[in-house]
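Please open the structure in your viewer and keep the selection tool at hand.

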Amino acid sequence: MLINAIMNCEKQLQVWIPDINGQLDEIRKSVLLNMCFNLGINGLLGFMNPLAFVKAGDWERTANNMLVSRWAKQDGHRAIELSELMRKGK
């Protein structure tokens, strides 16, 4: 079931963020996959500013915007960890 859920998230990311495979390194893709798994695709798509910054390749602004979200306040340490992975790509 876990593998199916992850594969479903990967498919949804490819549909809703079509340039995910061409623009993002594996670390940043895994951040979006993690968020999609946690929030669902609709929850992830609610991150309009961070996703716009992802498309622009502006990792600093993406990470900063992730941290000021309601999700970050609720998820705490995990949100900090994922935002740093997005910022640094490692």
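Is Cys9 buried or exposed? At 8% relative accessibility, Cys9 counts as buried, the term buried being used under 20% relative accessible area, exposed over 50%, and partly exposed in between (1.4 Å probe, protein chains only). The model is predicted, so local features need pLDDT of at least 70 and side-chain atom pairs count only at pLDDT 80 or more, whereas totals for chains, interfaces and linings use all residues. Residues are numbered from 1 along each chain as its sequence is written, and side-chain values use heavy atoms, with hydrogens and water left out.

**The cysteine pair**

A search of the whole structure finds zero disulfides, a disulfide being a pair of cysteine sulfur atoms within 2.5 Å. For Cys9, the nearest cysteine sulfur is that of Cys36, 3.7 Å away. Cys36 is likewise in no disulfide.

**The nonpolar core**

Next, select Leu13, Leu32, Met35, Leu44, Met66, Trp71 and Met86. These residues have the most contacts inside the largest nonpolar core, which has 21 residues. Such a core is a set of buried Ala, Val, Leu, Ile, Met, Phe, Trp, Tyr and Cys residues joined through side-chain atoms within 4.5 Å. At least two core residues come from each of α1 (2-16), α3, α4 (48-56), α5 (59-67), α6 (70-75) and α7 (77-88). Helix α3 supplies the largest share, seven residues. Helices (H or I, at least four residues) are DSSP runs, numbered from the N terminus. In soluble globular proteins, nonpolar side chains tend to be buried together.

Which residues does Leu44 touch, not counting those up to four places away in sequence? Leu44 is in contact with Leu13, Ile17, Leu32, Met35, Cys36, Leu39 and Leu51, where contact means heavy atoms within 4.5 Å.

**A nonpolar patch on the surface**

Turn now to Leu2, Ile6 and Phe37. Together they form a nonpolar surface patch with about 270 Å² of accessible area. Patches are made of residues with over 30% relative accessible area and no salt bridge; like charges are joined within 9 Å, and nonpolar side chains (Val, Leu, Ile, Met, Phe, Trp, Tyr) within 5 Å. Accessible areas come from the Shrake-Rupley method with a 1.4 Å probe, and for residues only the protein chains shown count as cover. Phe37 lies in helix α3 (residues 26-45) and is partly exposed, at 43% relative accessible area.

From Ile6, draw a distance to Asp19: their C-alpha atoms are separated by 19 Å, with the two residues 13 apart along the chain. Asp19 is located in the loop between α1 and α2 (20-23).

**The salt bridges**

How many salt bridges does a search of the whole structure find? There are seven, each a side-chain nitrogen of Lys or Arg within 4 Å of a carboxyl oxygen of Asp or Glu.

Select Glu60 and Arg87, whose side chains meet in a salt bridge (2.6 Å, N to O). This pair links distant parts of the chain, with Glu60 in helix α5 and Arg87 in helix α7, 27 residues apart. Glu60 is partly exposed, at 42%, whereas Arg87 counts as buried, at 18%.

Because they are four residues apart in helix α7, about one helical turn separates Glu84 and Lys88. Lys88 is exposed, at 52%.
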